[in-house]
Amino acid sequence: MSELRTVLVAGGTGFIGSHLCKFLQKNGYGIQVISRMPGPLNISWNDLSAKGLPDKIHAVINVAGQNVLDIKQRWTPGFKQNVYNSRINTNKILSNAIMNATKKPKVFITISGVGIYEPDSKKEYNEYSEVKGYDFLSKMCLDWEKAAFLEENPCRHVNIRSGVVLDRDGGMVQQLYLPFFFGLGGPVLPGSQYLPWIHMRDLCRMFLFCIENEKLNGILNGVAPQIISNSDFSEAFAKAMKRPTLIPVPEFMLNILLGRDRANMLTKGQRVYPKRAMDMGFSYKYPNIEDACREIVQKPSE
Ligand SMILES: NC(=O)c1ccc[n+]([C@@H]2O[C@H](COP(=O)([O-])OP(=O)(O)OC[C@H]3O[C@@H](n4cnc5c(N)ncnc54)[C@H](OP(=O)(O)O)[C@@H]3O)[C@@H](O)[C@H]2O)c1
């Protein structure tokens with residue numbers, strides 16, 4: 001009988017990480033999680049730094065990071081530092097552990113965000129587009145990706161630049177669910193800004209694709225191929241919930257609530273296409289926002 005392949009998932013307790021762990025387990029992989037919290041499958045960051053990678057790790061994934069859009073947290077220099085360190089330091093610790101491991105994993109997969117691309121109403125970005133830091137969050141994305149650098153290519157490295165991840169029990173949908181449920185939902189103004197998105201199932205499938213496709217290296221845009229605006233999303237979500245889209249969210253309110261840097265993540269958007277992902281043969285289960293929203297709204301909450 002073949003041995004169970006183990007994937008080490010940093011941030012495996014979070015919204016993306018917990019879905020990913022379940023998905024990989026269903027697909028025949030064993031899981032170990034790196035977390036700041038103790039748990040039966042968990043190892044700590046300190047253990048990882050002191051003892052190195054556990055034995056026989058097939059793939060290493062990092063989806064850790066302090067939640068940027070946590071509205072309980074003010075956008076202070078201290079919080080910005082936490083947001084930055086929780087991404088850059090974790091990628092650095094993992095890449096060092098991989099470089100020092102006697103038996104290397106086959107692949108290291110990291111996540112970053114489409115915020116690396118500068119919002120522009122005309123330009124379409126793909127994985128080959130030039131990127132340069134234009135604000136705090138885009139510079140952080142650049143540093144985040146660089147921190148995963150592996151000297152002398154001990155194994156493959158793939159970085160997924162994810163759009164907004166859609167599922168019922170976390171992220172943007174969880175924040176919007178009640179306002180839309182009570183018929184009080186609407187687009188974030190101006191509404192015409194792009195909203196790069198991906199259904200959680202497709203993001204998990206993309207991680208699996210990166211594990212199993214031995215030719216894959218470099219960047220993949222973790223977005224659906226359908227380019228939509230914030231208003232398109234609101235309409236699709238409201239339609240799936242059988243509710244109207246009545247009350248738009250004004251830009252100034254988000255600027256006050258979140259601070260301009262963070263509000264820009266919602267009030268501005270990038271036109272991002274997953275060219276390389278598609279060229280490499282990745283296919284989507286939810287390429288269309290209406291189907292994605294319907295599935296998310298109709299499935300029982302977990
Ligand atoms: N959700 C999205 O739409 C989206 C889109 C693009 C990119 N991303 C990126 O994907 C990653 C995961 O997103 P998510 O939505 O799953 O986030 P999440 O639910 O907040 O989970 C992130 C996990 O990171 C760990 N973490 C939090 N603060 C940390 C810190 N200061 N130091 C080390 N670890 C820390 C936590 O694990 P422990 O408490 O177990 O340590 C947590 O479970 C993030 O880096 C995020 O920026 C998310």
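A residue counts as buried when its relative accessible area is under 20%, as exposed when over 50%, and as partly exposed in between (1.4 Å probe, protein chains only). The model shown here is predicted, so local features need pLDDT of at least 70, side-chain atom pairs count only at pLDDT 80 or more, and totals for chains, interfaces and linings use all residues. Residues are numbered from 1 along each chain as its sequence is written, and side-chain values use heavy atoms, with hydrogens and water left out.

**View 1. Thr 6 in strand 1.** Look for Thr 6 in strand 1, residues 5-10 (strands are DSSP runs of E, at least two residues; helices are runs of H or I, at least four; both are numbered from the N terminus). Thr 6 has a relative accessible area of 19%, so this residue is buried. Beyond its neighbours within four places in sequence, Thr 6 has contacts that include Gly 30, Ile 31 and His 58 (contact means heavy atoms within 4.5 Å).

**View 2. The shell around the ligand.** Here 20 residues surround the ligand, and the closest are Thr 13, Phe 15, Ile 16, Ser 35 and Arg 87 (a residue is near if one of its heavy atoms lies within 4 Å). Helix 1 (15-26), helix 3 (77-100), strand 5 (107-113) and strand 8 (164-166) each give at least two residues to this shell.

View 3. Zoom in on pairs of N or O atoms within 3.5 Å, called polar contacts. A ligand oxygen atom sits 2.8 Å from a polar backbone atom of Phe 15. For Gly 65, a polar backbone atom is 2.9 Å from an oxygen atom of the ligand.

Methods
A polar contact is a pair of N or O atoms within 3.5 Å; within protein, one must be able to donate a hydrogen and the other to accept it, and residues adjacent in sequence count only if both atoms are side-chain atoms.
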